[in-house]
Amino acid sequence: MGSTGSVGLGGSVCVLWCCRGRCEGASETSRVERVEISVYCLSGHPTLPCNVLKFKSTTIMLDCGLDTTSVLNFLPLPLVHSPRLSKLPGWVSKDGSINLEKELKECGGRVFVDSQPELCLPERELMDLSTIDVILISNYHCMMALPYITEHSGFTGAVYATEPTLQIGRLLMEELVNHMERVPKAQTATCWKNKEIQRLLPGPLKDVAEVWAWKRCYTIQEVNSALSKVQLVGYSQKVELFGAVQVSPLSSGYSLGSSNWIIQSHYEKVSYMSGSSLLTTHPQPMDQSSLKNSDILILTGLTQMPTANPDGMLGEFCSNLAMTIRAGGNVLVPCYSSGVIYDLLECLYQFIDSANLGSTPFYFISPIANSSLEFSQIFAEWLCHNKQSKVYLPEPPFPHAELIQTNKLKHYPSIHGDFSSEFRQPCVVFTGHPSLRFGDVVHFMELWGRSSLNTIIFTEPDFSYLDALAPYQPLAMKCVYCPIDTRLNFHQVSKLLKEIQPLHVVCPEQYTQPPPAQSHRSDLMLELPAPPLPYRRCSVLSLPFRRRYERIHLLPELAKSLVPSEVKPGVSVATVSGMLQSKDNKHTLMSVPRPPPAAPTKKRKRVAEEPPELLAPKPLLSGAVPLDGFLATLHKHGVSEVKVEETADGHILHLQAEDALIQMEAHATHIVCDNNEPMRTTLRDLVLRFLQKL
């Protein structure tokens, strides 16, 4: 094995020889190379991020979130024919000049697009996505755009994620495809997207941005192809990328398998924090200590409900549910099929008996309901310690297993089949999609919406509940908003940043100012000693980064040839002359190969054909020239008329009789002596007496 050293960037190579024999680097000069780290922002949604980091000759995509809020502009997709939705009037401008009756429908005082719902993709024109080397996924909510990236951009790299992230992400993608394909619509609405037409539309359609980034959902074949590129990693596992950097996932505490990522080289460290939680829920707790000493921290995925306490929201959820059931009504909970639903079921498990709800049926309806409930029980090593310990008793980590065994919780793939024959009321139904635009939830909205006995309880924070309900107005059923978001709030993240102390923080611009509706709440934004560096969709941040060293390896034979000289007690320095070889971002310093001896020949070679002679490197100088000692030395050598002038950097010595000038600075000494080479040589030799040659 060769010795390990460091090379200072911007100067000739020196080796600092320590007492233990380990080689470290130093630079002959103080110049520092400024290396740009670039961050490309491809998503404008702070909790569904998609950023690209260019660092140390690698291009790394950090998450590929899919913004599904665009579907709120579309009409719902009913599973059963809806006379109400089928008879909606088409939209025509007031003056009759624009007729989009086939594309736009008026409903509940608003205008909606009548076609297959479309999703807002990450920006694809800001950079060439085929140049991406690696995609790092932080949680299953932030990978939903993966098929658009891997299947339609020429991407040939690798994708890294934990096993729960992959498996639950697969389920959510399959569910999304299933929702869209169950109710296909042949027509695609595009005319309304024309800028000249869109600006004449009523709100909120006329104010929607990035409409040309909206696309139809991918297919199941594209999902399978995209996920085949995913490589599984475990917490704290180090993965080397092209010898340039190492990436490693850390538990973020937000969901099963959710991760923050460390991206580091030998001397630089970038941390990526996305969707993190300090609350004690079902995932492993957040790993905070590994985020310390970061040069750059990219911060995304804070809570969307900074003023809502998750525990308080759970209490409201249970109390409203109980009141509705006691009054003889039904409760509809539009939710995702993984994540918060586990906590809701656990809360209800503890609440059912005390609220006398033991005879009330609970239904979980989703094409992935069975798989989601099973996966939550088998990923024991990704759970918090309390739930891990139950596996060894043995008990199921989540109590919903007992609810299923006692028939209090039943799950079905859809409203058709067994559910229709076993369904009884009053009941509680958990189903998707939380946008109320597709999935089985649309059927229950049509079925229960006209009765004031029923209640819909929103728990997912991703969608505005007023916008979600808009196409169902007028609505008689009660609406309760209990958004449960366990991600870090601004107070928690400010406290965390004080502990881990990154040099620079990069974050969405939404975090640098209060929410528009609460402009007086300065506590709902990031306030740091050093202002964070904000970004928005389609922006590129160039972060000036000061790199001082690069690691190299000395081959043993070259290390043995070094002759250290002590420059001060405990510190020795040796010069080295070698050939630097760089391959796969790894650098090796080896001996300069000597040319082979020339074969004997009678014919005399010309001088120009002789191999060049290897010259010894010029010695480096170390030390300082003391003013008083140098003046005394000059006096001994007959130089007595010396005028000393003090400067900001040192001193200037005027040798009046010799018509010479010596400029003495901390790091250099200059001798000016016109047309008197013997005098210049003498003065140089006198200066060298005070310096050590290396």
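Axes are lines fitted to C-alpha atoms, for helices over the stretch in contact, and angles run from 0 to 180 degrees between N-to-C directions. This is a predicted model, where local features need pLDDT of at least 70, side-chain atom pairs count only at pLDDT 80 or more, and totals for chains, interfaces and linings use all residues. Residues are numbered from 1 along each chain as its sequence is written, and side-chain values use heavy atoms, with hydrogens and water left out.

Q: At what angle do helix H3 and helix H5 pack?
A: Helices here are DSSP runs (H or I, at least four residues), numbered from the N terminus. H3 covers residues 163-182 and H5 covers residues 220-227. Their axes lie 10 Å apart, and the packing angle is about 165°.

Q: Is H3 roughly parallel or roughly antiparallel to H5?
A: Angles under 35 degrees count as roughly parallel, over 145 as roughly antiparallel, 65 to 115 as roughly perpendicular and the rest as oblique. The angle between H3 and H5 is about 165°. That makes the pair roughly antiparallel.

Q: Which residues of H5 make the contact with H3?
A: Contact means heavy atoms within 4.5 Å. H3 contributes Leu 166, Arg 170, Met 173, Glu 174 and Val 177. From H5 come Ile 220, Val 223, Asn 224 and Leu 227.

Q: What share of the chain's residues count as buried?
A: Buried means under 20% relative accessible area, with a 1.4 Å probe and protein chains only. Of the 694 residues, the buried share is 51%.

Q: What does the C-alpha trace span along its principal axes?
A: The chain has 17 helices and 39 strands (E, at least two residues). Along the principal axes, its C-alpha trace spans about 115 × 70 × 65 Å.

Note on methods:
Buried means under 20% relative accessible area, exposed over 50%, partly exposed in between (1.4 Å probe, protein chains only).
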